[in-house]
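Look at the structure first, then read the points below.

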Amino acid sequence: MTDFSATKSMFHLPDGVLYLDGNSLGPLPKTAAGKVGAMVQDEWGQMLITGWNKAGWMGLPTHLGDRIGRLIGAEPGSVVVGDTLSIKVYQALASALELNPTRKVILSDNGNFPSDLYMADGLLRSLGPDYELRVVHPDDVAAQITEEIAVLMLTEVDYRTGRMHDMKALTELAHANGVLTVWDLAHSAGAIPVDLSGCNADFAAGCTYKYLNGGPGAPAFIYVAPRLMDRVRPALSGWLGHEAPFSFDLDYRPGAGIERMRVGTPPVVQMAALSAAMDIWDMAEIADIRAKSIELTELFIAGVEATCPGLTLASPRNPAQRGSQVSFHFNEGYAAMQALIARDVIGDFRAPDIMRFGFTPLYIDEGDVERAVDILADIIANRLWDRPEYKIRQRVT
Ligand SMILES: Cc1ncc(COP(=O)(O)O)c(C=O)c1O
């Protein structure tokens with residue numbers, strides 16, 4: 001059983017702040033500053049370049065990949081950390097397309113995060129005019145999986161509404177039609193149980209700065225199914241994905257296993273922060289996280305619906321179809337979110353009208369949810385959002 005009061009005590013949460021935005025950026029693990037400081041002072045400072053060997057910096061991407069792999073049902077040796085999620089999506093897509101050479105269509109949905117669609121579009125432009133990105137409504141995905149499709153690219157949990165795709169069923173349907181799958185786990189890893197191996201997924205990628213709490217700019221991760229690994233020829237063929245980077249050969253040969261999905265020099269300082277976060281994850285069982293997350297989201301929905309007329313639920317009502325976030329439509333959602341933040345309840349806003357709240361059992365409990373509901377109810381009942389300063393759009397919403 002996960003001890004949630006122990007995990008909560010391991011995060012630095014500013015006094016009085018109710019943090020319901022760990023689905024965007026997780027909070028600071030208390031040990032992160034010490035770990036980063038030690039890395040900087042004792043390793044970078046003292047070891048200089050010898051740290052790549054002495055402190056094992058070069059092995060961190062696969063070491064951290066395996067620690068993340070435990071949370072997403074990945075086989076050991078099938079996950080590596082590095083770069084950003086957009087880049088990892090590109091890599092996965094390019095490799096999946098190459099493995100299905102007679103087909104030219106990527107199928108995705110309009111609930112996908114735009115960056116994934118942009119990356120697909122950019123990739124297809126470089127491949128030529130015969131290729132197509134087909135974007136359909138999330139409810140139509142299954143019906144659109146045909147033998148024409150090369151790759152199905154989906155974000156499992158919708159970033160705006162929290163709606164979940166059925167990874168197992170869609171992957172099975174994809175495979176029955178000769179389609180390869182790329183799953184974006186940005187809103188899944190650390191939020192819900194994921195079983196990449198059990199679902200027979202082909203490729204997946206995710207970020208570590210949301211539910212995994214690796215910090216702003218923390219590196220992404222990529223998964224390749226072991227059964228495909230030897231056939232994958234990375235499109236972003238950087239030197240650290242080479243079989244022998246330090247032989248400095250002029251021709252590219254993919255590295256062994258998941259190592260081939262590395263590109264360039266890994267972000268060592270950032271990985272020190274991520275490893276502090278993974279120490280907390282080592283104390284957690286994802287099944288406990290899921291059970292608690294459902295309790296918290298149900299409590300929040302019931303509280304908001306009882307006290308905030310004018311807000312309508314944008315997330316699926318059935319918790320089995322919802323990730324670990326809850327979203328409400330409200331036409332003054334941006335201003336209301338600014339008013340909430342001014343009262344130390346932090347969520348975020350997604351255009352055009354979505355107030356989004358993340359529920360993260362590692363550090364959020366029932367008392368926090370009840371207090372957040374009370375403050376939101378006060379803001380709505382007394383129109384406290386209706387102030388000019390809350391309506392000025394900032395760069396990040
Ligand atoms: C579902 C999803 N995919 C991709 C991205 C892009 O990630 P990055 O900025 O790390 O490339 C995000 C960012 O929030 C996201 O939510």
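**Ligand site and cavity**

A polar side-chain atom of Tyr209 lies 2.7 Å from an oxygen atom of the ligand, a polar contact (a pair of N or O atoms within 3.5 Å). The model is predicted: local features need pLDDT of at least 70, side-chain atom pairs count only at pLDDT 80 or more, and totals for chains, interfaces and linings use all residues. Numbering runs from 1 along each chain as its sequence is written, and side-chain values use heavy atoms, without hydrogens and water.

**Ligand contacts**
- His187 places a polar side-chain atom 2.9 Å from an oxygen atom of the ligand.
- Asp116 places a polar side-chain atom 3.4 Å from a nitrogen atom of the ligand.
- Of the 400 Å² of accessible area that the ligand has on its own, the protein covers 84% (Shrake-Rupley method, 1.4 Å probe).

**Ligand shell**
- The residues around the ligand (a heavy atom within 4 Å) include Thr84, Phe113, Asp184 and Lys210.
- The shell divides into four nonpolar, four polar and three charged residues; Tyr counts as nonpolar and Gly as polar.

**Cavity**
- The whole structure has one cavity of 30 Å³ or more. A cavity is a set of points on a 1 Å grid over the protein atoms alone where a 1.4 Å probe fits but cannot get out.
- The largest cavity holds about 40 Å³ of space, the volume filled by probe spheres set on the points.
- Its lining (an atom within 4 Å of a point) includes Gly190, Trp281, Ile289 and Tyr363.
- That lining has six nonpolar, three polar and no charged residues.
- Domain 1 (4-28 + 285-391) and domain 2 (32-281) each supply at least three lining residues; the bounds come from an automatic or database domain assignment.

Technical notes: A polar contact is a pair of N or O atoms within 3.5 Å; within protein, one must be able to donate a hydrogen and the other to accept it, and residues adjacent in sequence count only if both atoms are side-chain atoms. On a 1 Å grid over the protein atoms alone, a cavity is a set of points where a 1.4 Å probe fits but cannot get out, and a pocket is an open set with protein on both sides within 12 Å along at least five of seven lines; lining residues have an atom within 4 Å of a point.
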